[in-house]
Amino acid sequence: MSRSPSFSVKSELSLKADPDALQRWAVAFCIIRFDLEQGQLIEECYPPGCLTQEEELEVAFSSFPDSVSQHQNRSSIHDCIFFFRFRRQKHSKKGNVTSSEITEIDGKETISTPEEENLIRRSRSIGSKSSRYLYGYVFNRERHDERLKRGGEQKSVVILSHGPYSSVFRPLLQIMGPLYFDIGRKAIEHIASYVSLWPSPVPGKLMELPIGNAMLKVNLPPAHSLPLESGMSYEESASSMAPFLPNNQSVPQGLFHDSDIFGTFRGLLLQLWLLWELLLIGEPILIIAPTPPQCCEAVASLVSLVAPVLCSVDFRPYFTIHNPEFAQLNALQEGDKYPPMVLGVTNLFFLKALRNIPHIVSVGSPAPSSSRVAIASRSTGRIPGKPEGFGLQQLSLKKFSPSSLLNVVKLRRDGPLCLMTEHKEAIWSTYVPTTKPDTSILNRLIDAGMSPRVEESMSVVNNEILRRHFLELTTNFLAPFGPYFRATTPPEGSSPFADPPPLPPFNADDFLMSLSARGVGKFLSKRMRSNWLDLYRRFLKGPNFMPWFQRRLAVAENEQHRLWRQARMKTDMHLLISRMPELEIVDCFNAIERHLLGEIQLLQSGRAISDSVAMCQKLKGDLQAVFNVLPNDMQQLLLLNPQRAALLQGSSSPELTKLPGRPSIQVGVVSSSSPR
């Protein structure tokens, strides 16, 4: 029987989780049982009532392997971990546990207690602000026992979260899954209590998250790879975003940075550059694998290839025929265009239902019927005894030998439906890639050998080689957009109180014309064919470009705002105004007043940054310095405005400054000379 890693509960821990704190990481914990008569049933959902009825159905159907995809396995217990992603329902009736309704679980009627009613209200108020998609992380257990009806049972432990935090919830499920099957419902309460004590997620950082006597050390995906949904805002650094290579490449640069690219696509390594292009330009892709862990790992690995681009393609790591959107896809006729998406599936029925999808990728290998998948390692579909080593020589022989060419021709002729009789690793696509496979990268990949321990460590090395290469490839591809994000500082001797110049406007036709004239650069020219401009043209029209560009533009504008604000803080006001004619001095007074009012509003709204008070003091001193050099008649005219008079009154003692309709704040005045 699978055992969880060493885990014990601290006696001083309260078993009552804080729902508000819990929502920072997890929306809900669910226990789902597969009933032979009634199908999938949610036995437990904590906090209760946080899902709509439609969401409960979708979670239940997505939490079990497709029966069609599973080979008979008569071992006593089979565990696997995978995850799925689904769209949240906006205008649906809430879940089937409410303060006025009775729910039935295992034939027993239960009525919500007042404590549960309060929990429901709180979880729903938080859930209403949740993100557009939810991720479901699944620990599934199949137990075969001849004494049970029809010889066995299936149950899944599911963690629902608004974040793509597979690096957190995969190891957490390795603890929580076996623990639930050991002690039951108490496991949910224990884990929820610990999770509610965790600090808020910090994108792009290494976090230490205590769970019992264990500690999860995990890297979260960076802020620029997370969609801006539901008012979520993260501090994004201009230096850490494409088109600039990151200073520290050990820090994650995109989603699913821990996915097993090498293990998943080891039979299709020469096609990785094709897959990179397809995802970059937003082409619809169907990925089929024998098991849910293999197909979700393939989708995650594919998404990770385009880092640091914000992936705006709708990706579904594990998609079933019960998904509400399947009916829309199934209704598409020949000639209809599929939406930009990556679907991971295991049910061979999709090969017929979505036969017109333009790109189909088959990965993984069926698990031997007598073996059990260990939960601590990922299912990469490796067949024991399969020849190892993926140096260039072997890859070239595999690709160009006569027998291999015949197999390729046969696969293309038979089409994806040949998978109905035998699973094979292959790609069916008519797309001709612009990017050539980098043979120097393939030569660096290490022979994993036959030992599982050696194989795992070598896969880590190979994944690092591949991930760094595609990060560099994507960053160089985005480099021509760099001039549109170039923040400026005030020219020497000019006033930093003027408005900074706008960043260059973007026009797709002008960009392509300019790029065609100057070339794509040495790095890409060696790796791309002569039609490289077509790839840029497709990228500009695809779903990934505009969200990435707008996000990157906003970061650049914020960076420019920060640089000009910093220049104002360092300005020697007396020296600056000594060089100005009287008309410019008046304009400077108005500009300083505008910036000061903006800083005061930030303070009063609670959105102030660390040096806002110091900035208010500096601006107030500068305003006074400019006011003092103005003619007397101009000073009297300016003081007729009560708000301006309040800003200018006094010069040595702190005073209350109040904007209309705002609470008062206390701002002291400092000398107008340049700070040291």
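This is a predicted model: local features need pLDDT of at least 70, side-chain atom pairs count only at pLDDT 80 or more; totals for chains, interfaces and linings use all residues.
**View 1. Cys418 in the loop between helix 12 and strand 14.** The loop that holds Cys418 runs between helix 12 (402-414) and strand 14 (426-428). Is Cys418 buried or exposed? Cys418 has a relative accessible area of 11%, and because buried means under 20%, this residue is buried. When its neighbours within four places in sequence are left aside, Cys418 is in contact with Leu411 and Trp428. Leu351 is 67 residues apart from Cys418 in sequence, while the two are 9.7 Å apart in space, C-alpha to C-alpha.

**View 2. Helix 7 and its buried residues.** In helix 7 (residues 272-280), 9 of the 9 residues are buried, so this helix is largely enclosed by the rest of the structure. Among the buried residues are Leu272, Trp273, Trp276 and Glu277. Just after helix 7, Gly282 takes a positive phi of about 80°.

**View 3. Leu272 and the largest nonpolar core.** In soluble globular proteins, nonpolar side chains tend to be buried together. The largest nonpolar core in this model has 122 residues, and those that touch the most other members include Leu272, Trp276, Phe29 and Tyr536. Which residues does Leu272 touch, not counting residues up to four places away in sequence? Leu272 touches Ile261, Phe265, Leu305, Leu466 and Phe470. A second, separate core of 25 residues includes Ile592, Ile600, Cys616 and Leu638.

**View 4. Helix 2 and what covers its buried residues.** Buried residues in helix 2 (residues 53-62) include Glu55, Glu56, Glu58, Val59, Ala60 and Ser62. The elements that cover the buried residues of helix 2 include strand 1 (28-35) and strand 2 (39-46), together with strand 3 (77-87) and strand 7 (152-161).

**View 5. The contact of helix 20 with helix 21.** Two packed helices are described by the angle between their axes and the distance between the axes. For helix 20 (residues 582-605) and helix 21 (residues 612-628), the axes come within 9 Å and cross at roughly 155°. Angles over 145 degrees count as roughly antiparallel, and helix 20 and helix 21 are therefore roughly antiparallel to each other. The crossing in which helix 20 passes helix 21 is left-handed. Residues of helix 20 that meet helix 21 include Ile592, Leu596 and Ile600, and among those on the helix 21 side are Cys616, Leu619 and Leu623. The residues of this contact divide into 14 nonpolar, 2 polar and 4 charged.

Key
Residues are numbered from 1 along each chain as its sequence is written. Side-chain values use heavy atoms; hydrogens and water are left out. Helices (H or I, at least four residues) and strands (E, at least two) are DSSP runs, numbered from the N terminus. Buried means under 20% relative accessible area, exposed over 50%, partly exposed in between (1.4 Å probe, protein chains only). Contact means heavy atoms within 4.5 Å. A nonpolar core is a set of buried Ala, Val, Leu, Ile, Met, Phe, Trp, Tyr and Cys residues joined through side-chain atoms within 4.5 Å. Axes are lines fitted to C-alpha atoms, for helices over the stretch in contact, and angles run from 0 to 180 degrees between N-to-C directions. Angles under 35 degrees count as roughly parallel, over 145 as roughly antiparallel, 65 to 115 as roughly perpendicular and the rest as oblique. A crossing is left-handed if the near helix is turned anticlockwise from the far one by less than a right angle, and right-handed if clockwise. Ala, Val, Leu, Ile, Met, Phe, Trp, Tyr, Cys and Pro count as nonpolar, Asp, Glu, Lys and Arg as charged, and the others, Gly among them, as polar.
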